[in-house]
Amino acid sequence: MSVITTRRGLLTGLTALSLAAPALARTPSHVVVVGGGFGGVAVARALVRNGLAVTLVEPSPRYVTCPSSNAVIAGLMPISAITFDYEGVRRSGVSVVHDTVVAIEPDARRVALAGGQHLAYDRLVVSAGIGLRFDAIPGYDEAASATIPHAWKAGAQTALLARQLDAMEDGGLVALTVPALPYRCPPGPYERASLIAHYLKTRKPRSKVIILDAKDSFSKQPLFQSAWTKLYPDHLEWVPLAKGGRLEAVDPTARTLRAEAGLFRPAVLNMIPPQTAPALCRATGLTNVSGWCPVDPITFESTLRPGLHVIGDAAAAGAMPKSAFSAYTQAQVCAQAVTDLLAGRAPVEPRLINVCYSLAAPEYGFSISGVYQPEWDRLVTVPGSDGLSPEDAPPDVRMREAALGRAWYDGMMRALFG
Amino acid sequence: MTALATSGLILLAANRASAEPLAPGAASCLACHENRVGATTSGFPTLGTLSAQQIEAALAAYRSGRRDGTVMPRIAKGFSDIEARAIAESLARPEAAPR
Ligand SMILES: Cc1cc2nc3c(=O)[nH]c(=O)nc-3n(C[C@H](O)[C@H](O)[C@H](O)COP(=O)(O)OP(=O)(O)OC[C@H]3O[C@@H](n4cnc5c(N)ncnc54)[C@H](O)[C@@H]3O)c2cc1C
């Protein structure tokens with residue numbers, strides 16, 4: 001498929017499929033899904049609802065969600081509250097295989113598993129999340145993350161950061177480093193800093209969290225900053241790029257951090273490294289120079305590798321942010337497109353919504369939202385549809401949005417893992 | 001095809017055939033709303049109890065600013081009248097798209 005003329009590429013794919021249609025009508029088509037996170041589980045369940053046979057490959061027997069993990073880090077809920085097994089996914093009719101896909105073989109239309117088996121597919125959907133760049137910050141490699149957590153993939157890393165915060169003596173400095181865009185969950189670091197500040201203010205009031213940022217502006221900035229002024233004047237400090245926020249190096253042994261602003265010796269250090277699509281995507285030729293996977297905005301089919309679809313964080317989805325909400329809505333669109341393509345029908349031009357709720361404190365929530373549509377080869381924001389919660393909202397509205405954020409999470413987790 | 005893939009195929013028998021696709025955008029609404037009648041929701045109004053006309057009218061009211069809300073005034077601005085009508089018709093049918 002051509003990189004530029006996606007529309008024509010789509011038609012080529014359709015022609016090939018219509019030729020294969022008589023055979024497909026007899027045998028149900030088989031879709032393999034790589035990754036059992038938000039995008040993967042959502043697409044697998046939607047494809048099963050459409051009558052297709054689906055095998056989902058995910059190494060971990062349990063999924064720990066990044067959404068709500070900042071609340072776990074701040075001691076507001078146990079990690080068990082954000083941990084799910086795959087029994088509900090199996091009950092929905094998805095065949096779940098706990099293994100790792102080590103190679104995708106587009107010519108043979110099969111994937112190779114670490115366990116040695118192969119899985120054949122008619123179409124493949126990849127929702128493998130992100131890869132962390134352990135080569136980007138001098139001193140911060142994978143070994144260093146065993147003592148200096150990133151906690152940007154939830155699970156053991158989340159628990160480690162929560163333990164370090166809990167063990168810290170009052171009076172300590174917590175440092176949080178944030179990369180440039182694009183990365184998973186643009187407002188996530190600021191929600192994390194807010195909830196850590198809330199923890200410090202209520203439990204260790206002589207302590208403080210400092211954000212060292214590689215940017216001068218960030219998602220939901222006016223909402224976070226007005227909350228910080230009100231709630232955490234003594235407990236949170238943001239150091240933007242212009243004030244020396246950019247990192248130079250970290251020494252994992254001495255546990256010191258050098259930024260343009262100076263040398264820091266924090267008691268707790270949380271480093272969010274720059275990110276790319278996961279290694280499997282790079283090895284399969286799904287990524288371009290950006291490090292992410294370009295996709296057709298109607299089908300989420302790779303523009304580089306026909307027959308393979310990419311959704312969720314790994315995809316370069318135009319104006320859509322990398323969020324669980326986006327991964328879910330992309331999964332619905334992709335499932336319908338895969339169903340249509342396998343049936344020899346032309347997929348319909350989609351509309352997608354993203355809404356992300358964030359907390360500045362346990363009962364202080366707000367949202368960012370947007371509606372997206374294809375425009376030639378990318379997804380763009382429908383003009384006028386994007387925006388933030390109002391800056392001057394009264395406390396009861398903040399409380400209501402905090403409750404809606406919890407309602408979204410609970411409903412989503414029931415829909416995916418229930 | 002390996003044994004693993006075949007086990008997925010057997011399960012297929014239990015699944016119903018392709019449901020009628022939802023109107024563009026409607027699947028995204030279900031990231032928050034339930035549209036099954038009798039669905040228990042905490043927080044988001046259930047759409048399955050509303051008629052297509054009621055959903056369409058609500059979207060128009062949010063879009064024009066006549067009706068207040070947290071996210072709906074913003075979301076409604078992402079859809080034209082025609083798109084909103086198609087979505088309303090998709091979601092008001094209680095049997096459409098169980099989550
Ligand atoms: C702190 C934090 C807070 C967040 N809060 C929110 C929020 O409130 N709302 C929101 O919408 N989003 C939030 N996000 C973003 C959200 O977590 C991601 O956007 C979402 O998880 C993306 O889904 P995904 O399916 O692309 O990837 P993931 O959910 O990461 O799933 C990928 C899965 O693929 C598996 N995998 C990887 N490689 C392979 C392989 N080779 N073979 C088989 N399986 C493989 C992994 O094990 C993983 O389970 C947050 C993120 C963070 C870090």
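As the model is predicted, local features require a pLDDT of at least 70 and side-chain atom pairs count only at pLDDT 80 or more, whereas totals for chains, interfaces and linings use all residues. Residues are numbered from 1 along each chain as its sequence is written, chains are lettered from A and ligands numbered from 1 in the order in which they are written, and side-chain values use heavy atoms, with hydrogens and water left out.

Arg90(A) takes part in a salt bridge with Glu87(A), in which the closest N and O atoms are 3.1 Å apart; the term denotes a side-chain nitrogen of Lys or Arg within 4 Å of a carboxyl oxygen of Asp or Glu. Both Glu87(A) and Arg90(A) belong to helix 4 (residues 87-91) of chain A, where they are three residues apart, about one turn of the helix; helices are DSSP runs of H or I with at least four residues, strands are runs of E with at least two, and both are numbered from the N terminus. Glu87(A), at 39% relative accessibility, is likewise partly exposed.

Over all chains, a search of the whole structure finds 16 salt bridges. In one of these, the side chains of Arg110(A) and Glu105(A) meet at an N to O distance of 2.5 Å, with Arg110(A) partly exposed at 30% relative accessible area and Glu105(A) partly exposed at 24%. A further salt bridge joins Arg406(A) to Glu363(A), with 3.5 Å between the closest N and O atoms. This pair links distant parts of the chain, since Arg406(A) lies in helix 10 (residues 395-417) of chain A and Glu363(A) in the loop between strand 22 (352-361) and strand 23 (364-375) of chain A, 43 residues apart. Arg406(A) is partly exposed at 39% relative accessibility, and Glu363(A) is partly exposed with a relative accessible area of 39%. Salt bridges also link Glu349(A), Arg351(A) and Glu83(B) in a network.

Leu124(A), located in strand 9 (residues 123-126) of chain A, is buried, with a relative accessible area of 0%. When residues up to four places away in sequence are not counted, Leu124(A) touches Val32(A), Val34(A), Ile104(A), Val111(A), Gly307(A), Leu308(A) and His309(A), contact being defined by heavy atoms within 4.5 Å. The C-alpha atoms of Leu124(A) and Glu375(A), which are 251 residues apart along the chain, are separated by 24 Å.

How values were computed: Buried means under 20% relative accessible area, exposed over 50%, partly exposed in between (1.4 Å probe, protein chains only).
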